[in-house]
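Trainee: Could you walk me through reading backbone and strand features in a new model? I would like the general idea, then the case at hand.

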Amino acid sequence: MAHFDAAYNLARWLARDEHDAEDVVQEACLRAYRFFGSFHGGNARAWLLAIVRNTYYTWLEKNRAQTLNVQYNEDTVAAVDYDMATTGDSVERLLHAEDTRRCVHRALEQIPAEFREVIVLRELEDLSYREIAEIADIPLGTVMSRLSRARKLLLHALQELDQES
Amino acid sequence: MDCARTRNYMHGYLDRELDPVTASGIEAHLQSCAACAQAYALQTSLHKAIKGQATYYTAPEALAARVRAGFRTTRESAGKTYTPPHTPRRQWLALFAAVAASVLITWTAVIQLETGSRDERIGSEVLAGHARAVLTNHLAEIASSDRHTVKPWLSSKLDFSPPVTDLTTAGFPLVGARLDYLDNRPVAALVYRHRQHVIDLFIWPDTQASAAAMQASSKQGFNLLHWTHAGMTFWAISDLNPAAIRTFAETYMGLAEAAG
């Protein structure tokens, strides 16, 4: 069940909707089944997750063209320069609080898909940088900086959630 | 290691992806710099919070069933020659229950049932290679009917030297050669012509190659002939009839052995 759950988990976090995630996984499994010849050994989970990811983005273009995320701007990330000195402590407290589950969930749902996916692959699937590079179709050297930005965005989202409450 | 570099590599350090030298540099800096240590502590907290608190969604049981149904439909609509063995329904269900246990393992099993042996898989690759070349009209990278031109060209590009023979007198003039990629390695593709038909002859060294006898098969209207000789594996493919391909192959091998 491991690979199947991993496929669903990634699709579910990308699509942020259970019905859409099911459609994506079903389509991805069919593609994987059809293109099994392209699998030349190696990491089966990474191979399947790459197909899930590709299927999701194809599906997104086809079904949700009108609500497609605006391509995330690098400047936006740079602007979110997290100010440790003033807010680090409160976020740190939030992360250790009893009810962090809801905040973590919302923060992860909020950040753009290209950052959300590397967090899911790294933290939930415990994949190596090499595997993440393969799945997310980015150079190996980009994985660390993508994760660094993703974590910065997560902290920023958590900070905002903290201020809301 | 300074603060800027430490902040830069902190994530690689947290994820245990750094080489030992860089990692020990980061470690030393974190011990001596309170600000970086605090930043790292925050990242560690975040890492643990996501790992421990973010939902890991497990696939609904109904989805596994839908996927299994999809596989069945695909196989039926593809019209493959494979038919499921007449096992009792319970056993058949058990086979598909394995899909739920591990979708991937079952793919392997089903694919193996459908495609059979290694030769079958290579045959598909041979067909794909031939189709690619014919469809894109990219048959010969070196177009020459002179085997003394074609053979050195191939030898210079490959780690082996395939036998190249001129079969013009037998009605199979040499057109040229190209490189292709089959069975996970670069291979030689000799191109011959017989009237209006093209014959591709793929050659590569193969230690695992099975029977030396010629084995004919056909795929999607193309006829294939496969044999091995002296550590080399040969695959001929064409839209010619099987008998003509066999004549070609036997003439080719006869001359190749005579040549040396």
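**Reading the two chains**

Mentor: Happy to! Chain A has 165 residues, and 55% of them count as buried. Keep in mind that this is a predicted model.

Trainee: How many helices and strands does chain A have?

Mentor: Chain A contains 9 helices and 0 strands. Along the sequence, the pattern reads α-α-α-α-α-α-α-α-α.

Trainee: What do the contacts and the surface of chain A look like in numbers?

Mentor: Take the contacts in chain A between residues at least 6 apart in sequence: 72% of these join residues at least 24 apart. As for the surface, the accessible area of chain A is about 7,700 Å², and carbon and sulfur atoms account for 47% of that.

Trainee: Where does Arg16(A) lie?

Mentor: Arg16(A) sits in the loop between helix H1 (2-15) and helix H2 (18-34) of chain A. With a relative accessibility of 36%, Arg16(A) counts as partly exposed, because that class runs between the 20% and 50% cut-offs.

Trainee: And Asp137(A), where is its place?

Mentor: Asp137(A) belongs to the loop between helix H8 (129-136) and helix H9 (140-164) of chain A. Asp137(A) also has a positive phi of about 60° without being a glycine. Its relative accessible area is 64%, so Asp137(A) is exposed.

Trainee: Let's move to chain B. How should I read a strand there?

Mentor: In a regular strand the side chains alternate between the two faces of the sheet. For our case, look at strand S6 (residues 222-229) of chain B: 6 of its 8 residues are buried, so S6(B) is largely enclosed by the rest of the structure.

Trainee: Which strand do 5 bridges join to S6(B)?

Mentor: That is strand S5 (residues 215-219) of chain B, which runs antiparallel to S6(B). Across this pair, Ala216(B) stands opposite Leu225(B). The two strands form a hairpin with 2 residues between them, and Gln220(B) in the turn has a positive phi of about 45°.

Trainee: How many bridges link S6(B) and S7(B)?

Mentor: There are 7 bridges between S6(B) and strand S7 (residues 232-238) of chain B, again in the antiparallel sense. Here Thr228(B) faces Thr233(B) as its opposite residue. This hairpin has 2 residues between the strands, and Ala230(B) takes a positive phi near 50°.

Notes
Residues numbered from 1 in each chain as written. Chains lettered and ligands numbered in written order. Predicted model: local features only at pLDDT ≥ 70, side-chain atom pairs only at ≥ 80, totals over all residues. Heavy atoms only, no water. Helix = DSSP H or I, 4+ residues; strand = E, 2+ residues; numbered from the N terminus. Buried < 20%, exposed > 50% of the residue type's maximum accessible area, 1.4 Å probe, protein only. Contact = heavy atoms within 4.5 Å. Areas by Shrake-Rupley, 256 points an atom, 1.4 Å probe, with all protein chains shown as cover. Pairing = 2+ DSSP bridges.
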